[in-house]
Amino acid sequence: MFKLPSYERRIVRLLFAFSLVIATSYVVARTIGDSLFLSRVGNDQLALVFVLSGIGTAIAAGCWYLLTKKFTVATTIKVSSFGFALLGVAALISIPRFHHSFWLLAAIYLMADIKGCINAINIVSAMNTKLGRDASRSSWAIVGLAAPIAAVLMGSVLAAESSILGIRSWLLVGVFLDINAFAMGCMLGETQGIKSLLGRSGTTPNAAERLSRNPDAGQLVKLELPEDFTNPILVKRKTYVCSEQFRRWIGILIAAKVIVLTIVAFEWKSSVNTFFEGNAE
């Protein structure tokens, strides 16, 4: 189903593993944030934490976007992973003492939202930097499969082990995953992208082979010539999506998605917490 050129396999495996780790880390953080806040604070303050989370995530995303323009993707991955690991340790230490503090539980909830946002920026930046336009379609598809796989697998594990492992144990799992993401950031910094690999002597496939593996890299186009030209000319032309139009429509799509998911998430969490009046532990 997925036929990858040999020169793409190493970087695709690394990106897949990185995406799997950060997606799993987000699922754990999201579950911890929801369960702690809803069980110990309840529905009364849920609307407030949604507003605080939205504002905090927007600010974090804007700041992170500026950092990605100044630093390499490997650096931003290492900084974010190390920061999330430290915050996880801080939460682990603080929870026994401030176990019902609104601000601590809201901070843990906010940390999960920010982690999801920054991790998404990191993986997209890593894919653009290491895969780019020269990679095959299959490589993008394989890396993209990591997040849903992580959601399904980790969701199943959480459902099975939630009654055995407590919140503090899951916080340790989250810290361990963030440390692994840091290590993968170091590996990504030492790994060449597809464009660099194709530019090295002796590794560049011929044009026909690259075109067959990656149809989006270019196409043969028949030019319309004046009547005094008898032979058509075949040239290679790059095809690009209109970036301005793409950004406008993707922005509209993301805004609509966020609004819908926020409304659904609020109603779902409120209803579930009302039904299950349980203890997070």
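Reader: Which residues does Phe37 touch, leaving out those up to four places away in sequence?
Author: In this predicted model, Phe37 touches Gly42, Gln45, Leu46, Val49, Phe102, Leu105, Ala106 and Tyr109.

Reader: And which residues of the largest nonpolar core touch the most other members?
Author: Phe37 is one of them, together with Phe18, Ile32, Leu131 and Leu188; that core has 46 residues.

Reader: Turning to helix 4, how many Å does it reach from its first C-alpha to its last?
Author: Helix 4 reaches 42 Å with its 29 residues, close to the 42 Å expected at 1.5 Å a residue.

Reader: What follows helix 4?
Author: Gly132 follows, and its phi is positive, near 65°.

Reader: On confidence, what pLDDT does the protein chain average?
Author: The average is 76, and 68% of the residues score at least 70.

Reader: Which elements have the lowest and the highest mean pLDDT?
Author: Strand 2 (residues 234–237) has the lowest, at 41, whereas helix 3 has the highest, at 92.

Reader: Where is the pLDDT below 50, and how many contacts does that stretch have beyond near neighbours in sequence?
Author: The pLDDT is below 50 over residues 206–241, a stretch with 39 such contacts in the model.

Note on methods. Residues are numbered from 1 along each chain as its sequence is written. This is a predicted model: local features need pLDDT of at least 70, side-chain atom pairs count only at pLDDT 80 or more; totals for chains, interfaces and linings use all residues. Side-chain values use heavy atoms; hydrogens and water are left out. A nonpolar core is a set of buried Ala, Val, Leu, Ile, Met, Phe, Trp, Tyr and Cys residues joined through side-chain atoms within 4.5 Å. Buried means under 20% relative accessible area, exposed over 50%, partly exposed in between (1.4 Å probe, protein chains only). Contact means heavy atoms within 4.5 Å. Helices (H or I, at least four residues) and strands (E, at least two) are DSSP runs, numbered from the N terminus. The expected span of a helix is 1.5 Å times one less than its number of residues. pLDDT is the predictor's confidence in each residue, from 0 to 100.
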